[in-house]
Amino acid sequence: MPLHVLTAVLGALAVVTLLAPRLRVPQPLALAIAGVALTFIPAVRGIEIDPNLILVGFLPPLLYADAWQTSWRDFQRWLRPILMLAIGLVALTILVVGVVAKLCLPDLPWAVCFILGAIVSPTDTVAAQAVLERLRVPRRTTAILGGESLVNDATGLVGVQIGVVVVLEGMFDFGAVLGQFAWVAGAGVVVGVVVGAAFSLVHRVVRDPSVLFTLSLLSPYLAWAIASSLGVSGVLAVVVAGAVVAWRVHRIPAQARMPLRATWQQLTFVLNGLCFLYIGLESPCLLQRAFGAGADLWLAGLAVSAAVILSRIVWCWPSAYLPLWLFPKLREREGGYPSPRGVVVVSWCGVRGAVSLAAALSLPTMVDAENAFPGRDEVIACTVAVILATLFVQGGTLFPLVKLLGLRDDGTTAAEMRQARERLLQAGIARLDAFCSEQSCPVAVHRFREAMSDELASLRADDEAERTRAAQRLAVSREVRAAVATAQEGELLGLRDRGVIDDQAYNNLLLELDLATAGDQNGAR
């Protein structure tokens, strides 16, 4: 990517991030619009971005980060609806889109029609999650959507991979296809387990935050590279590797976890933003090509978009209730029937994104030295139509839909955190008592215990007045700590400005103050 394009893209990312909340526009939608706007700049217009930049450069770390943030307990609890969306709905979408594409474009081979279905089957839940996190919808809904996003990229891209092989070889064998799918998915999982286990062992030894981040960034790329070399699913390999490492995150030293998480948070923010800008940058040129192909292709794109949206809606309702009605034990495990309002939201979170576009653009141009890949332009045009339709229609209306339905956070996570915080405070107080019974403790230790006792009382004291008094004492304590930190920062800045200490000493001491302040804030929560 040329330097002037990179400069324009990063500038647009910063501006949109600041303006989108004020304009009450979903950030992914605003980024896509900004990408389109950038194409009006002569120096940016006509820039073609290698789709491998998304599939190989951006997707592995994004999937790895999602795997780190996923609640695997929730994933296991709601595995049934997750798989029904990530596998069952993907299969239905491939079938329905394939039939619709064949009806609209009769000259398109059946295999290519189904490849189109596989390309547009994975959802991009970054757009949905950006809205859902702001509105704090029930955890069941976010867990199902998050779990779906981890798995359906794999099933969709595996479908594309198998479909391309069928087109290139010119033959279809159902048994061979099933065997290929089992190999691609199963071996991908094995690769992920091996890579994840290896890096979990490394975390026992490495302590430097910079090296840890480098290794954590290496992990998804290594998993993807090994899987690609074996011809198996790189998506599943990365997701499983991330899950294994996340389950052993306690092996990473506490002083390294905070900067590691912060760095990953910033990296994923930039990569997600660039993905949606990529959609905007590529769409005008691709749509112009489609427009030149005639009205039939436009109608096909609209028909495929409608098929994608309606397939999800039709699938979600029976799959949400019928299995739970047939199997009471399953219903008990999942916490009863889902809320109809939650099902509405899940059925509307079908935004497609950069992964689908990159998969379409990465289709081979030639079958062999003499024959072009059939229907490649049609597939790309329909994919762009689906992405734009779902991004504007579904992504653009998700925020008002959730507000209209009146969905609210069910408080499950907050209750669990409150209970866990009580247990942590009890464990800390007990350890302080044991420590002070073994040897004499300075006054500061007793004050530390009093502060922990106040925090515990503010959470669980039977008397409301006592809870209020404890909370007031904590508020005063936090205010004092904040004032002390401000005074220390001011004094440190004065020492640097007067030449008493150099910039390196200033930055090191400022980092110590920041870590101490962050510790106080975490303890206050």
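Reader: In which helix is V151 found, and is this residue buried or exposed?

Author: In this predicted model, V151 is found in helix 8, and because its relative accessibility is 13%, the residue counts as buried. The cut-off needed for that step is that buried means under 20% relative accessible area.

Reader: How many salt bridges does the structure hold, and which residues does E334 pair with?

Author: The general idea is that a side-chain nitrogen of Lys or Arg must come within 4 Å of a carboxyl oxygen of Asp or Glu. The structure holds five such salt bridges. One of them joins E334 to R80, with the closest N and O atoms 2.9 Å apart. Because E334 lies in the loop between helix 14 (328-333) and helix 15, whereas R80 lies in helix 5 (residues 79-104), the pair ties together parts that are 254 residues apart in sequence. Both partners, E334 and R80, are buried.

E334 forms a salt bridge with R140 as well, and here the closest N and O atoms are 3.7 Å apart. This pair links distant parts of the chain, with E334 in the loop between helix 14 and helix 15 and R140 in helix 8 (residues 139-169), 194 residues apart. R140 is buried, and so is E334.

Reader: Where do the partners of the salt bridge between E148 and R312 lie, and why do they count as buried?

Author: E148 and R312 form a salt bridge in which the closest N and O atoms are 2.8 Å apart. E148 lies in helix 8 and R312 in helix 13 (residues 295-326), so the pair ties together parts that are 164 residues apart in sequence. E148 counts as buried because its relative accessibility is 1%, and R312 is buried because its relative accessible area is 1%. As for shared partners, salt bridges join R80, R140 and E334 into one network.

Reader: Where is L492 found, and how far is it from L510 in sequence and in space?

Author: L492 is found in helix 21 (residues 464-497), and because its relative accessibility is 6%, L492 counts as buried. L492 and L510 are 18 residues apart in sequence, and in space the separation is 7.7 Å, C-alpha to C-alpha.

Reader: Which residues form the nonpolar patch on the surface, and which helix gives the largest share?

Author: An α-helix has 3.6 residues a turn, so residues three or four places apart point the same way. The nonpolar patch on the surface is formed by W183, L218, L222, I226 and L230, which together have about 420 Å² of accessible area. Its largest share, four residues, comes from helix 10 (residues 209-230). L222 lies in helix 10, and L222 is partly exposed because its relative accessible area is 32%.

Reader: Which residues gather in the patch of positive charge on the surface?

Author: R24, R341, K403 and R408 gather in that patch of positive charge. Among them, R341 is found in helix 15 (residues 340-348), and because its relative accessibility is 39%, R341 counts as partly exposed.

Definitions and conventions: Residues numbered from 1 in each chain as written. Predicted model: local features only at pLDDT ≥ 70, side-chain atom pairs only at ≥ 80, totals over all residues. Heavy atoms only, no water. Patch = residues over 30% accessible without salt bridge, like charges linked within 9 Å, V, L, I, M, F, W, Y side chains within 5 Å. Areas by Shrake-Rupley, 256 points an atom, 1.4 Å probe, with all protein chains shown as cover. Lys, Arg positive; Asp, Glu negative; His and termini not counted. Charge placed at Lys NZ, Arg CZ, Asp CG, Glu CD. Helix = DSSP H or I, 4+ residues; strand = E, 2+ residues; numbered from the N terminus. Buried < 20%, exposed > 50% of the residue type's maximum accessible area, 1.4 Å probe, protein only.
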